[in-house]
Every structure is written in structure tokens, then in C-alpha cells.
Amino acid sequence: MSDATLPAPRRTPFAPEWGMRVLGLLLIAYLIYASTQLDLGLGRFITGLGEGGRFLARMFPPNFERWELLLEGMIESIQIAVLATVGGIILSLPLGLMAARNLSPWWVSGPVRAFIAVCRSLHYVIVAILFVKALGFGALAGVAALIVASVGFVAKLFAEAVEEISMKQVEAVRSTGASGMAVLLYGVLPQVASRFVGFGLYQLDSNLRNSTLVGVVGAGGIGGTLFAAFKRFDYDFVSAILITIIGLILLAELVSGRIRAAMQ
Amino acid sequence: MSAALDIRGLTKEYVRGKPVLRNLDLSIGAEGITAIIGPSGTGKSTLLRCINRLVEPTKGEIRLTGAGGSIDIAKLRGRGLRLARRRIGMVFQEYNLVERLSVMENVLCGRLGYVPLWRAWLRKYPEQDIARAFALLDAVGLPEHATRRADALSGGQRQRVGIARALMQRPDLLLADEPTSSLDPRTSVEVLEMLTKLAAAEGVPVIINIHNVALAKRYAKRIVGMHEGAIIFDGPPEALQDDHLRRIYGGEDWL
């Protein structure tokens, strides 16, 4: 052993991530390209701001004179939201179970997963337009559209929750000679019930929000009133409607928060 | 009745050509405790799970004889298999209680093979089932715990509920897969004591997979030693010598 050793070769503690660096550069290049393509310059933004100021000025004070029209629309929106949520949940329960890969054979879970993915893939407003064309104007189209949206969301999350359950508990119930339905009832559902209720509440929350919009395309609810007010430049009525919607959503958030807390 | 369970030529291959159980023969009498010992991975668990078909046997015959008649479990499907399963109770290493259900609901799981679905769903079990469930909870020493949730119990308490659930089936045969491996030494003895006593009172034969040779010798009237998927020792506890243990577990430094 001597003190005059050769300098140890430098060791690299972290492998260089060339792939990530290249991807980052590509992303930056694309952002610059896309913003120039869409005319997102600063000048355009400043003229826009001026318009926005005039628009905001016309929104105040909010005008609640036509409160009957407003109330009628809101009630219809709430009905659409509640009906769609309940309908969506009822459909999601069996679909979610069928889509869970730990319980269903692949030839069941595969097609069901694909169906749920289709429900998710289109935005609910597009679905609402399709239903308005198919079923005609009105709340029925709105309910149908939001049921599709609810299935796409709740069934997918529910299937994922089912896939995370402990199969040991399921196995124990199965070993008692229980039938398939009894195994679901005693081995599977108790493990996912509280999460399922949580998904349902969350979906009610978001359906209340969504139901205010489907009216824009003629599928019932306050959205139709809102759109008409926009088109007639009744901006003070528009702001009254928006304030009411915000109030409803806050209220819904409060209530569902209480329910969730009570379930813990 | 000469034998409660008669296994002939049982083979299980998870991977083709690599048998975990090799052409195994085993006869279990109508009463008493049979302990199966052997190193990890030798197929003890697979053997037990083949008996109630949580695992599909590759080949062989598993004949169950009891109050419900004599059947070859290996050939059953669908409803027939469910009817056979309800005659076989099982106790698990990690208890496998449904955590979010109450103790009473877990015990009544043992009746799921008997009661109609609507009764199970609405918790409208027949009077005598409820009465027996309470009697079993008293017997396993948990008289005050019926309405507690299973995840609030300690390990020893959970295993007692597991035993009550298995006996709730009024089984012709009880399987226990490492029932004490997750428990401390004292609780292990208490649980085995209880299992032995209750099984004797009900007249149910028990097959226990167990790692602890001392406990096996203490509670079993018969010991079956397995090595690489085959039975290489079968006899009363007194006959089990160090030489046998060496052949069952391999090596000798540990003795």
C-alpha cells in the first residue's frame, strides 16, 4: 500500500437521461410553434382585455327581475343532475363489477371496459348534441347524455376499486360454498361500498355542474336560458344566472362534504 | 364410516411437467387431528386447497364421505362443487375475515352455502343459525364482540372468529392452513387448544398444515410429513424421530 495511488476513475452516480432531455426540448419547440400558429400574441390579448372590460361593466348590477324563468331552469337542471346520477350509478354497479379483471373472465371484462371507455371518450356536450338529434330537444336528452358521462366515470373508478380488493377475503367466502352472487354480496361489496358511495357523491357534484351546460345545446335546464340571455346581450341577466349556479355548486359541495364526513 | 377423506393419485402441476404434488395418496379418518408438516413450498397448502378446490387438481380422486354422502370432489363443477364446499370448513393463516363486516356477519358467512340469497342480503338468517352463531362466539370466547367490525379485532380474536365461521358450516371436514403462523406463541397454543376442543365436540376431523413441529406433536394424533410433493412420513407423533425430520426438512444443523 502506497500513498501515491493513481486518481480513481470518476464514477457517475446518476445515469444521464437523454430521452427526457430530448422530449423536453421537443415540447418547448412545439409550444412556441403552436402559439405562433394560433395568433396568441400580446397585442391580441390587450385588445381582448378592453372588450372584456366593457362586457363586465354591462353585467353589473345582476338582474333578478326574471327570477321565475331562472328558478324554472335551475329546478330542471337539478332534476336532470339527480336523475342522471342515480341512473348512471345503477348502471355503473354491474358494469364496474363486470369490468374488474380480478372477478370477470377476459371475454367479459374486455368488451365492458371498451364500452366504458367509449362512454368516457366523448365530451358530455357532444353526447348531448347526439341525443338532442336522436331524442329531440328537452331534458330527456340531457339526462341521457349525463347518464353516459356518469357511467364512463363511475364505472371505471368502481372497476379499479374492485381490482384493488383483497382476494383473500373473497376466497374465504367462496370456500364456504357461497354462490357467485353471495360472494359478491359478502366478499366483494363490503370492501368497496364506502368508496362507491364516494364516487356517487362526487358524480352528483359534477353532474350538477354539467347539467347547467347541456341546455346550451338544447338538452334542457338552465343552460338554455343562459344561452338565450347571451344571444340577446342581456348580460345583467347572464350574471344573475351565473351567480345562482355558483351558489348551487357551493351548496352541493357543502352538503356532499357533510355526507362524506358522516360516512367516515 | 371408515374414512372422511380418501385421496388417490392426486397430482397438481401449476406449470406443465413440474408437479407440486406427486401422485399423492392420503386417507383421513372420521375424527381427530392430522397435522401435515414439511418445508415451505413443498405443496402442503396446495394439498389443502385442492381438497376444497380453491386450487384445481391436475389429476386424481378426492373422495369426501360424511353425513351428506360420498362424492369425488375433483370431478365436481358449479352447484355440485358449492354443495361440496359447504361441507368443508377452512381456517386461514391470515384469518381472511371480511374486514368491513361485523363479527356476526363473518360468522354467518358460514351459512352462505345454505341460506337463500335474499336472506343473506337482508340479514334475515333463520333463528337456529343466529342461535348457533351466538353459541359458537361464546365457545370461542368472544361473547361480547358480535357487533364489532372484524378489523377492530386482534390477531388471536380474528382467528377465533375464523374458527367459528368454519364450524358454522357444520362441516364434515375442517381444513386449517397454517392457522397459527401469524400468531404469537401463547395465542397459537390457545387457538390450537380451542380448535382441538371444538372439533372434538362437533366430531369433525381436522387437517392442519403447521410449521411448528412441537405444536404438531402436542395436538395431533397423526403426523404426515411431506417432502417435495410426496408423503415420506405418516404415523403417530411418538413415531416421529429426528431421522424423519432430517428427511422431511433436509439438512441437520438445525436440529
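Mentor: Happy to. Let us start with B:Glu94, which counts as partly exposed because its relative accessibility is 43% (buried means under 20% relative accessible area, exposed over 50%, and partly exposed in between, with a 1.4 Å probe and protein chains only). Before going on, please keep in mind that this is a predicted model, where local features need pLDDT of at least 70, side-chain atom pairs count only at pLDDT 80 or more, and totals for chains, interfaces and linings use all residues. Residues are numbered from 1 along each chain as its sequence is written, chains are lettered from A and ligands numbered from 1 in the order in which they are written, and side-chain values use heavy atoms, with hydrogens and water left out.

The partner of B:Glu94 is A:Lys168, and their closest N and O atoms are 2.8 Å apart in a salt bridge (a side-chain nitrogen of Lys or Arg within 4 Å of a carboxyl oxygen of Asp or Glu). This pair crosses between chains: B:Glu94 sits in the loop between strand S6 (88-91) and helix H3 (103-108) of chain B, while A:Lys168 belongs to helix H7 of chain A. Helices (H or I, at least four residues) and strands (E, at least two) are DSSP runs, numbered from the N terminus. A:Lys168 is partly exposed too, because its relative accessibility is 36%.

On the chain A side, helix H7 (167-174) and helix H8 (180-211) each supply at least two residues that touch chain B. H8(A) gives the most, with seven residues. By type, the residues on this side divide into eight nonpolar, seven polar and three charged (Ala, Val, Leu, Ile, Met, Phe, Trp, Tyr, Cys and Pro count as nonpolar, Asp, Glu, Lys and Arg as charged, and the others, Gly among them, as polar).

How much is in touch? Contact, meaning heavy atoms within 4.5 Å, links 18 residues of chain A with 28 residues of chain B. The area buried between the chains is about 2000 Å², and carbon and sulfur atoms give 62% of that (the accessible area, with a 1.4 Å probe, that two parts lose on being put together, summed over both). A:Ser175, A:Thr176 and A:Tyr186 supply 34% of the area that chain A buries against chain B, more than any other three residues.

Finally, come back to helix H7 of chain A, which also holds A:Val170. A:Val170 counts as buried because its relative accessibility is 0%. Leaving out residues up to four places away in sequence, A:Val170 touches A:Ile165, A:Val183, A:Gly187, A:Val188 and A:Gln191.
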